[in-house]
Amino acid sequence: MLKVEAIIQPAKLDAVKEALIEAGIDGMTILEARGHGRQKGHSEFYRGREYTIDLLPKVKIEMVVNDDMKEKVVEAILRTARTGHIGDGKIFISRVDDAIRIRNDERGETAI
Amino acid sequence: MCRRAFMPLILLVSLGLPTGALAVAPALGPSPPATQAQVAALEQAVRDAQSAGDNAWVLVSATLVLLMTAPGLTLFYGGLVRRKNILGTMMQSFAMMGLITVLWALVGYSLAFGAGNGFIGGFEHAFLRGVGLSPNPNYGGTIPEQTFMVYQLMFAIITPALITGAFAERVKFSSMAVFLSLWSLLVYCPMAHMIWGVGGVLNVAGGRWPVLDFAGGTVVHITSGVAALVCALYLGKRAGYPHENMPPHSMVLSFIGAALLWFGWFGFNAGSALNAGPLATSAFINTQFAAAAGAIGWVISEWLQNGKPTALGAISGAVAGLATVTQASGFVQPMSALGIGLVAGIVCSFMVFKIKRYFGYDDSLDAFGVHGVGGTIGALLTGLLASGAINAAFGKDATGKPIATGAIGGNWHQVVNQAVGIGTGWSLAILGTLLLLFAVDKTIGLRVSAADEAEGLDLSQHGEEGYDFNG
């Protein structure tokens with residue numbers, strides 16, 4: 001089982017979600033996040049003084065999938081989240097030791 | 001006789017006969033007592049009708065001025081601070097609504113508007129003794145004196161509330177309550193008495209240096225604005241200022257607050273006519289014109305300097321225009337009000353962008369930059385632009401022509417009088433504020449602890465949170 005974490009532009013959320021559901025992903029968790037990579041922030045004015053805002057709004061999608069779904073999921077995200085500009089985001093993949101369905105105590109791949 | 005002459009002849013006869021009858025009437029002797037009683041009753045009814053119109057307007061104006069404190073100022077200031085301090089900020093203004101009302105009723109009104117001496121009223125009206133429902137000829141001759149009293153109360157409430165902008169986010173609630181209550185008695189009441197109270201040394205009617213202050217440019221804005229500067233300097237900067245970015249947590253709230261201030265200011269200025277007549281109209285128009293011109297002035301100034309016109313700049317400009325025209329509102333021509341507003345928007349924006357930054361003091365919400373500076377400019381401009389045609393504040397001459405009030409009418413000396421008023425306001429505010437800051441700080445301490453400042457006033461002072469996004 002793999003955990004896929006994708007940090008994307010907030011404006012791309014709807015498109016990415018739809019693509020993931022089409023790809024067969026049933027469950028995901030969406031978090032509102034702030035952060036930056038190499039993308040510079042933007043400046044704002046307050047009382048004539050210019051400030052740099054370097055914590056930018058982002059969206060993080062987390063999902064746990066079967067190993068054989070990895071390429072499908074990554075392709076869906078890359079296709080819908082990419083704009084070609086700095087700030088598009090990143091995808092991280094890690095191993096998951098176990099998954100448990102709280103409702104009925106199912107474990108392992110059937111719990112995903 | 002030709003037709004053309006017929007109509008004029010009819011008119012002549014129909015008008016001439018009764019006129020002739022009237023001309024004959026006096027020869028019949030004085031009117032009977034019944035008629036005299038009727039005439040007296042009619043005269044009283046006319047007075048009552050006039051009083052009803054005036055009283056209605058001043059009562060409404062009182063509610064408008066109270067609206068300026070809450071929700072006007074509470075939202076305006078509240079939106080400008082960080083989220084963790086929203087309740088603390090709003091509570092400071094709200095506390096004034098409670099405390100100043102009680103103080104005013106007990107002793108404040110008497111100190112401001114009682115006879116007393118040239119500098120302060122006495123205690124003759126403590127507990128509002130002698131302040132009833134019949135008019136006081138010195139304070140709006142057609143409205144009950146209690147209307148005047150409650151209207152003035154709203155001014156007494158908002159003046160200390162304005163000062164809270166200077167020490168936003170760093171003062172203890174208890175200390176603020178004590179400090180501002182004492183301030184209203186020690187600084188506001190004397191200033192109000194000197195300019196508006198009977199026998200005041202700066203009173204337009206008979207004062208040694210008659211100062212034209214229609215709605216409180218000096219009494220309210222200069223005193224509170226300068227006090228704000230003194231507080232900002234004495235208390236020092238917020239932790240992290242100016243390196244840390246502390247933008248408004250809700251420009252939306254500030255916008256609504258500023259709009260309510262603009263709305264309420266019609267009561268502040270036009271209500272100061274103390275009647276519903278043409279003078280109220282003049283003040284109303286000047287208020288609107290200056291607010292608009294102020295917003296435009298600040299926006300243009302900011303657009304040229306920083307490349308973008310901010311919402312904060314627009315609303316600050318409107319407030320600056322309003323504060324500056326306050327003193328002049330019932331004395332100047334409408335076109336003068338446009339000029340006053342434009343100057344206010346440009347000068348106050350300059351104050352806030354450049355001068356404040358240069359000196360480095362933390363007047364968090366620009367109480368001095370907008371009210372202190374605006375009030376001072378407004379007081380001077382009143383001396384220049386006051387017109388006897390709008391308000392014959394110094395009476396009329398033998399031919400019935402209004403005596404010149406300001407420089408444009410030829411009365412250049414008025415600028416000197418205005419300067420005396422400004423000087424008095426600045427001095428009283430500086431001395432009184434410093435004295436009280438010292439006294440309160442050395443006894444109960446003014447500033448919150450560093451930990452409380454970091455946690456925020458809402459939690460540290462009130463044990464509450466302004467917003468619960470998880471609820």
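**Figure 1. Contact of chain A with chain B.** The contact draws seven residues from chain A and nine residues from chain B, where two residues are in contact if their C-beta atoms, placed from the backbone, lie within 7 Å. This is a predicted model, in which local features need pLDDT of at least 70, side-chain atom pairs count only at pLDDT 80 or more, and totals for chains, interfaces and linings use all residues. Residues are numbered from 1 along each chain as its sequence is written, while chains are lettered from A and ligands numbered from 1 in the order in which they are written. On the side of chain A that touches chain B, strand 3 (42-46) and strand 4 (49-53) of chain A are the elements that give two or more residues. Strand 3 of chain A gives the most, with three residues. By class, this side of chain A has three nonpolar, one polar and three charged residues. Ala, Val, Leu, Ile, Met, Phe, Trp, Tyr, Cys and Pro count as nonpolar, Asp, Glu, Lys and Arg as charged, and the others, Gly among them, as polar.

**Figure 2. Fold of chain A.** Chain A contains two helices and six strands, in the sequence pattern β-α-β-β-β-β-α-β. Helices (H or I, at least four residues) and strands (E, at least two) are DSSP runs, numbered from the N terminus. The radius of gyration of chain A is 17 Å, well over the 13 Å that the globule rule gives for 112 residues, so chain A is more spread out than a compact globule. That radius is taken over C-alpha atoms, and the rule is 2.2 Å times the number of residues to the power 0.38. Along the principal axes, the C-alpha atoms of chain A fill a box of roughly 60 × 25 × 20 Å.

**Figure 3. Open sheet of chain A.** Four strands of chain A form an open sheet in the order 2-5-1-6, with antiparallel pairing; two strands pair if DSSP finds at least two bridges between them. Strand 2 (29-35) and strand 6 (89-95) of chain A are the edge strands, each pairing on one side only. Strand 2 of chain A is joined to the antiparallel strand 5 (residues 56-65) of chain A by seven bridges. A:Ile30 stands opposite A:Ile61 in strand 5 of chain A.

**Figure 4. Helix 6 and helix 12 of chain B.** The crossing of helix 6 of chain B and helix 12 of chain B is right-handed, that is, the near helix is turned clockwise from the far one by less than a right angle. The residues of this contact divide into 13 nonpolar, five polar and no charged.
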